[in-house]
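Please open the model in a viewer and keep the selection panel at hand. The stops below are arranged so that each selection leads on to the next.

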Amino acid sequence: EFTVSITTVCVFEKLKTLSEEEKIEFITLPNPPKNLEIENRFSNSFQVKWDAISELCSSQKYKLMIQSENINYSNTYEISGDRRTFNFSKLPDIVGTGEVYNVGVVYIVQPIGSEKEVESEQVSGQFLTKPLPPTNFKVVEDGTKISFNKSATPNVSYYKLRCKSGEEGSKADEYYIQPTDYNVDPIIYTIPQAFIEGTLYRINIYAVVDKTDLNLELVESKELHEKIIWNETGFAIYSEENEATE
């Protein structure tokens, strides 16, 4: 905190007079936080972290703001000035999954000897929660196709299906399923590859939210996982009973 005093001086010949003193008090802004980034994320929560320089002051704290226009959600939090991370938890269920949130962090200090608080400039970032996974994997239509229920997340961009043979050294094949191509739920899908009879295959299906137009990374849900085996009648769900009979 600084005080500036201004006085007008009038000199006439050998006479000098001074005006009344005018004082102006002002406080310089503290250094803002920097390097705001996401540390981990889930469907209805995510944690951010940042770097900051502590100021010599009577008290310090952070104010954090979170907002998503798409779902009409906003909230504000205050935490102690020695913190460098914060977990935004209990975000809206379903509609808040796979959603973009705008986050702002402000550093607030009270200088020594001052009764006023002053805020730094705001550091901002956009972060994306995970979508909910698809559910209820099944083998359908006489064992020739698989099905799964769509994710409950409203804005899934597409589904990624990974199919990997249990044979040693095999590589996973990936397929992308557009939800707009399937107006019904569950999605019934034919995996477009040749299968070897008696071979175990591991299937992982992910819901994906693509917000790369906002310079955000692709975010996948937790996987829907199942093991299937191809036999003379088509697919069958692989179980421990299958292992016991081999």
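## Stop 1: Ser 43 and its contacts

Setting aside residues up to four places away in sequence, Ser 43 touches Gly 96, Thr 97, Thr 129, Lys 130, Pro 131 and Leu 132. The structure on display is a predicted model. Ser 43 itself belongs to the loop between β5 (34–41) and β6 (46–51). Is this residue, Ser 43, buried or exposed? Its relative accessibility is 18%, and Ser 43 counts as buried because the limit for that class is under 20%.

## Stop 2

Most residues other than glycine have a negative phi, and most peptide bonds are trans.

- Select Asp 142, in the loop between β13 (135–140) and β14 (145–149). Asp 142 has a positive phi of about 60° although it is not a glycine. Its relative accessibility of 71% places Asp 142 among exposed residues.
- Select Asn 215, in the loop between β18 (200–209) and β19 (219–220). Asn 215, also not a glycine, shows a positive phi of about 65°. Asn 215 is exposed, at a relative accessible area of 76%.
- Select Asp 185 together with Pro 186: the peptide bond from Asp 185 to Pro 186 is cis, with omega near 15°. Pro 186 is in the loop between β16 (173–177) and β17 (187–189).

## Stop 3: Salt bridges

Over the whole structure, nine salt bridges are found. Begin with Glu 78 and Lys 61, whose side chains form a salt bridge with an N to O distance of 3.2 Å. Glu 78 is in strand β8 (residues 73–80) and Lys 61 in strand β7 (residues 57–68), so this pair ties together parts 17 residues apart in sequence. Lys 61 is partly exposed, with a relative accessible area of 21%.

Because Glu 117 lies in the loop between β10 (100–111) and β11 (118–119) and Lys 61 in strand β7, the pair ties together parts that are 56 residues apart in sequence. Glu 117 is partly exposed, at 46% relative accessibility.

Next, select Lys 63 and Glu 119, which are joined by a salt bridge of 3.1 Å, N to O. This pair links distant parts of the chain, with Lys 63 in strand β7 and Glu 119 in strand β11, 56 residues apart. Glu 119 is partly exposed, at 36% relative accessibility.

Which residues form a network of salt bridges? Select Lys 160, Arg 162, Glu 174 and Glu 220, which are linked in this way.

Methods:
Residues are numbered from 1 along each chain as its sequence is written. This is a predicted model: local features need pLDDT of at least 70, side-chain atom pairs count only at pLDDT 80 or more; totals for chains, interfaces and linings use all residues. Side-chain values use heavy atoms; hydrogens and water are left out. Helices (H or I, at least four residues) and strands (E, at least two) are DSSP runs, numbered from the N terminus. Buried means under 20% relative accessible area, exposed over 50%, partly exposed in between (1.4 Å probe, protein chains only). Contact means heavy atoms within 4.5 Å. A salt bridge is a side-chain nitrogen of Lys or Arg within 4 Å of a carboxyl oxygen of Asp or Glu.
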